[in-house]
Amino acid sequence: MPVELFIARRHLLSHKKVGFISFISVLSIAGVAIGVASLILTLSIVEGFETEIKDKIIGFDSHIRVRQYHFNPMSEYEDIGRQIESVKGVRDVYPYILKEAVIRSREEIDGILVEGVTENDETFRKQSGLKSFGDSFSLDKEGSDLSPIILGSKLASGLKVAVGDTVTVMVFNGVPGPFNTPFARQFEILGTFQTGMAEFDGVFVYIPLYAAQELFRMSSSVTGIKVFVDDSRDAGVISAAIEEKLGGYPFFPLTWEERHKNLFKWLDTQRLPMLFVFGLIALVALFNITSTLAMIVIDKTHDIGVLKAIGFKTNRVLRIFLAEGGLIGGVGALIGMILAYGLGVLQQNENIIALPPDVYFMNALPVLMQPEFFLVIGAGALALSLAATAYPALKAARLMPADTLRDE
């Protein structure tokens, strides 16, 4: 062990005559640890929120939706789908119908969004909480003259219905009246889904595409085509390629980011204030390091004089105090990273902090830890700790032996 590091460790940990200094050193380490853990957890929570919301939204909304201007129905959608599939990066395409309607049970009535889907559509089969239906899930129910319908769990609860019950879906064309009655059709409830997003669970229903075409009298047309891509980050580039492939007007594709840009912009605006607030904790810890080393310099003035008198050069004394700052920052950063990882894993496994799904898009605080969070914040804490050490270290290195030993 280098002598500078040995002396630095003795300064920080010795309990002889400097118990108060050792206590202050422990507090400084704790301050760095809390600051590092706070910043890592803050970034992990923000990342968790963005990822969770992104996955849930894509689960319902796909990466890209291709529609026509003025919301005109899209005919010849099978041919259009084949053209979209030929675009590089496109994984799957699914035609869909999305319209407003009214649903009525024996006891309740409510407004809904009806989505007509094909059998293998990912938006209800493979994404989000809908995975619970499994591979055996089918929109074709044998032995029944009624088309199947799948309701969000919150909607089913509000309508006071369960699997096997019958509901009526009504479509209005203009203002209802004696000469303008709604078109209605009965459906049998095949299942319910729960995504954790109350806004979706309380308004969405799924029915087969053929039933939606009959219900909304769209014959052989659809609302649009949902597109899934290999990498969601490439959605913007692929959307532009799809528009070029289809020749532009009257088709226009929209990515999931464009359709929900206000939500994700809000999330981005939350990141900076949160980092600023929790960064202040780390800043306080850096001031603690500076004050701790200043106190050590005052307490060790005599020792510094002795070291210089026996031949220690200025740069070696400087390295002693830089080593002390590095020890405080390094140990604090390590403890902080361990603390952040432990708390993050605990929340991931136990969901200790719950969230109301009516307010948020999830029922538990999401935490998504990334290795770069630990590396960047840990290295930053160590670098700033060394920077906070600079002034007291220079002050100690410039002490003259004669001045330090004059009163002895």
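This is a predicted model: local features need pLDDT of at least 70, side-chain atom pairs count only at pLDDT 80 or more; totals for chains, interfaces and linings use all residues.
Local features need pLDDT of at least 70 and side-chain atom pairs count only at pLDDT 80 or more, while totals for chains, interfaces and linings use all residues. Residues are numbered from 1 along each chain as its sequence is written, and side-chain values use heavy atoms, with hydrogens and water left out.

**Stop 1: the salt bridges**

A salt bridge here is a side-chain nitrogen of Lys or Arg within 4 Å of a carboxyl oxygen of Asp or Glu. By this rule there are seven salt bridges.

Select arginine 91 and aspartate 92. Their side chains form a salt bridge with an N to O distance of 3.4 Å. Arginine 91 is partly exposed, because its relative accessibility is 35%. Aspartate 92 is also partly exposed, at 24%.

**Stop 2: a pair between loops**

Select glutamate 107 and lysine 160, whose side chains meet in a salt bridge at 3.7 Å, N to O. Helices (H or I, at least four residues) and strands (E, at least two) are DSSP runs, numbered from the N terminus. Glutamate 107 sits in the loop between strand E2 (90-104) and strand E3 (109-117), and lysine 160 in the loop between helix H5 (153-159) and strand E5 (166-171); the two are 53 residues apart. Both glutamate 107 and lysine 160 are exposed.

**Stop 3: a buried pair**

Now select glutamate 115 and lysine 226. The closest N and O atoms of this salt bridge are 3.1 Å apart.

**Stop 4: helix H3**

Select helix H3 (residues 77-85), in which Tyr77, Ile80, Gly81 and Ile84 are buried. Looking down the axis of H3, these buried residues fall within an arc of 100°, so they line one face of the helix. The arc is taken over the directions from the helix axis to the C-beta atoms. Glu78 and Arg82, on the other side of H3, are exposed.

Finally, show what covers the buried residues of H3: this includes strand E1 (64-68), E2, helix H7 (209-215), E8, helix H8 (235-246) and strand E9 (251-255), with contact meaning heavy atoms within 4.5 Å.

Key: Buried means under 20% relative accessible area, exposed over 50%, partly exposed in between (1.4 Å probe, protein chains only).
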